[in-house]
Amino acid sequence: MKNMTLKEIAVACGGVYYGDEDSYYKEVSSVTIDSRKIQRDCLFIAIRGNRVDGHMFIPQSIREGALCAVSEKRIETPSYPYILVNSCTQALKDIAEHYRRSLHLKVVGISGSVGKTSTKEMIASVLSRKFNVLKTEGNFNNEIGLPLTIFNVREEHEIAVLEMGISDFGEMERLAKIARPDICVITNIGCAHLEQLKSREGILKAKTEMFLYMDPQGSIILNGDDDMLSTVTPANRIIPVFFGLNREHSYHAENIETQGLKGTSADFCTPDSKFHAHISIPGEHMVYNALAGVAVARALGMNDEEIKEGIEALAPLAGRGNLIDTGYYTLIDDCYNANPASVTASLDILSQAEGRTAAVLGDMFELGPAERKMHYDVGRHAAKSGITTLICIGELSEETARGAAFENPVMEIYYFETKEEFLEQADELLKKGDTVLIKASHGMKFPEIIEELKKRQG
């Protein structure tokens with residue numbers, strides 16, 4: 001890793017170096033907090049977790065080839081280099097900020113209440129038609145994951161597409177200080193994390209902290225159809241570029257043609273052109289994601305043909321609307337996470353499927369005091385969507401079942417306290433040929449349902 005000697009690292013994190021002088025001027029090959037991912041000459045940062053203290057793995061990491069460790073604990077008579085700091089978690093962020101400042105590449109930062117990951121995937125797919133792109137993998141979008149993603153940047157990378165997730169005030173400012181985005185994208189302002197952020201106004205305030213450390217010559221790209229984002233006037237005086245379905249926006253879509261679970265086609269309009277593209281992943285929200293991709297790509301000098309190729313090359317991720325044909329069911333694996341907006345959008349997609357349809361919905365977390373009403377309203381939406389069967393699992397999802405029963409008393413509605421209770425009766429409730437949506441917050445661990453249903457042969 002260029003510009004990452006132990007000397008620079010110690011200065012960046014305000015640590016005290018202990019070790020031989022020769023090692024002090026050596027560059028580390030990589031940075032990790034996971035003792036299972038030690039590489040030769042890497043830097044191991046000992047993070048204290050809820051269950052495991054990384055400090056206990058320092059000797060092992062050195063034996064397996066790490067050049068140096070970062071520790072909060074003083075190590076008596078060490079036989080290897082280490083850097084003593086007050087906080088390893090803060091050191092991780094400080095070192096990542098230093099490394100980011102040394103990099104000569106563009107950073108696209110993406111946030112929003114719903115659709116961060118699918119938008120990140122779309123933007124990365126589009127930009128990869130022209131650039132060498134690094135993107136956030138998995139859920140590495142917080143104050144631990146973002147630094148680790150930045151440490152994966154190498155000289156060959158030209159653009160980093162970074163997802164930035166938060167749950168409280170101040171977090172986005174800290175993430176932005178590390179990422180230093182050149183382009184900021186916000187997908188929408190919904191109802192996620194209301195426990196901490198209290199209101200949509202609070203969410204807007206927290207998300208737009210991203211602008212505080214962006215390139216003053218950069219771009220702000222916002223969903224203009226969102227009532228909150230459409231009012232944004234950044235203090236840094238950068239004029240936002242808006243995308244959406246409204247034709248008044250600089251980037252908008254026309255002639256949208258929904259093709260059920262086969263995806264969506266549309267004409268994508270820029271300030272000076274129009275082109276047609278097909279998105280293989282179903283749902284109107286994917287049109288918004290594509291429009292964000294178009295706006296980012298144009299800001300980086302890409303042409304319409306390159307952008308079209310990137311949109312059409314996008315492939316789904318596990319847990320993010322991924323279609324799985326088991327030979328018995330068609331599963332819509334959308335169980336990575338859930339909030340009211342994303343669940344209702346997924347129900348609308350399910351309603352486009354042919355034949356019998358079933359939604360297996362679990363609890364949505366971090367919604368604040370109105371969580372029960374939000375589950376109830378999702379149930380009412382499910383009942384109005386036209387799907388055949390609704391299966392609700394979890395304490396809060398009992399309200400989803402009640403809302404659906406109120407809206408449509410003759411609908412097939414089932415409630416279970418646990419996943420295990422549902423799986424015991426799944427063969428009776430689901431039929432061969434059904435299209436089945438599986439969706440809940442990550443903490444419900446619904447991938448276990450996916451794996452069990454994939455085994456079903458009737």
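Trainee: How many bridges join β1 to β5, and do they run parallel or antiparallel?
Mentor: There are 3 bridges between β1 and β5, and the two strands run antiparallel. This is a predicted model, so read everything here as computed.

Trainee: What holds strands together in general?
Mentor: Strands of a sheet pair through backbone hydrogen bonds, in either a parallel or an antiparallel way.

Trainee: Which residues of α1 are buried?
Mentor: L6, I9, A10 and C13 are buried in α1. They sit on the same side of α1, because they cover an arc of only 100° around the axis. Their packing partners are β1 (16-18), α2 (21-24), β3, β4, β5 (82-84) and α4.

Trainee: How many residues does α4 have, and what does it reach from first C-alpha to last?
Mentor: Helix α4 covers residues 88-102, which is 15 residues. The reach from its first C-alpha to its last is 21 Å, close to the 21 Å expected at 1.5 Å a residue.

Trainee: What happens at the start of α4?
Mentor: A side-chain oxygen of S87 comes to within 3.4 Å of the backbone nitrogen of T89 there.

Trainee: And which residues of α4 are buried?
Mentor: The buried residues are C88, A91, L92, K93, I95, A96, E97, Y99, R100 and S102. Note that K93, E97 and R100 are among them.

Trainee: What covers them?
Mentor: The cover for the buried residues of α4 includes the helices α1 (6-13), α6 (145-150) and α7 (171-179). It also includes the strands β3 (43-45), β4 (68-71) and β6 (106-111).

Trainee: β6 next, then. How many of its residues are buried?
Mentor: 5 of the 6 residues of β6 are buried, so call the strand mostly covered.

Trainee: Which strands does β6 pair with?
Mentor: β6 pairs with β8 in the parallel sense over 5 bridges. V107 has A160 in β8 as its bridge partner. β6 also pairs in the parallel sense with β9 (residues 183-186), over 4 bridges. In that pairing G109 stands opposite C184.

Trainee: Where do those strands come in the order of their sheet?
Mentor: The sheet is open, has 9 strands and mixed pairing, and its order is β7-β8-β6-β9-β10-β11-β12-β13-β14. The edges are β7 (133-135) and β14 (273-279), each with a single partner strand, so one side of each is left without a neighbour in the sheet. Neighbouring strands of this sheet are turned against each other by 15° on average, direction ignored.

Trainee: How does β14 pair with β13, parallel or antiparallel?
Mentor: Antiparallel, with 7 bridges joining β13 (residues 264-270) to β14. The two form a hairpin with 2 residues between them.

Trainee: Which helix lies across β13 and β14?
Mentor: Helix α11 (residues 304-312) does, and its angle to β14 is about 15°.

Trainee: Changing topic: where is H157 found?
Mentor: H157 is in the loop between α6 and β8 (159-163).

Trainee: Is H157 buried or exposed?
Mentor: H157 counts as buried, because its relative accessibility is 13% and the cut-off for buried is under 20%.

Trainee: What does H157 touch?
Mentor: Leaving out residues up to four places away in sequence, H157 touches L105, N132, V133, L134 and N152. Separately, a polar atom of the H157 side chain lies 2.9 Å from the backbone nitrogen of R154.

How values were computed: Residues numbered from 1 in each chain as written. Predicted model: local features only at pLDDT ≥ 70, side-chain atom pairs only at ≥ 80, totals over all residues. Heavy atoms only, no water. Expected span 1.5 Å × (residues − 1). Buried < 20%, exposed > 50% of the residue type's maximum accessible area, 1.4 Å probe, protein only. Contact = heavy atoms within 4.5 Å. Polar contact = N/O pair within 3.5 Å; in protein donor to acceptor, adjacent residues only side chain to side chain. Arc of directions from axis to C-beta. Pairing = 2+ DSSP bridges. Axes fitted to C-alpha atoms, helices over the stretch in contact; angles between N-to-C directions.
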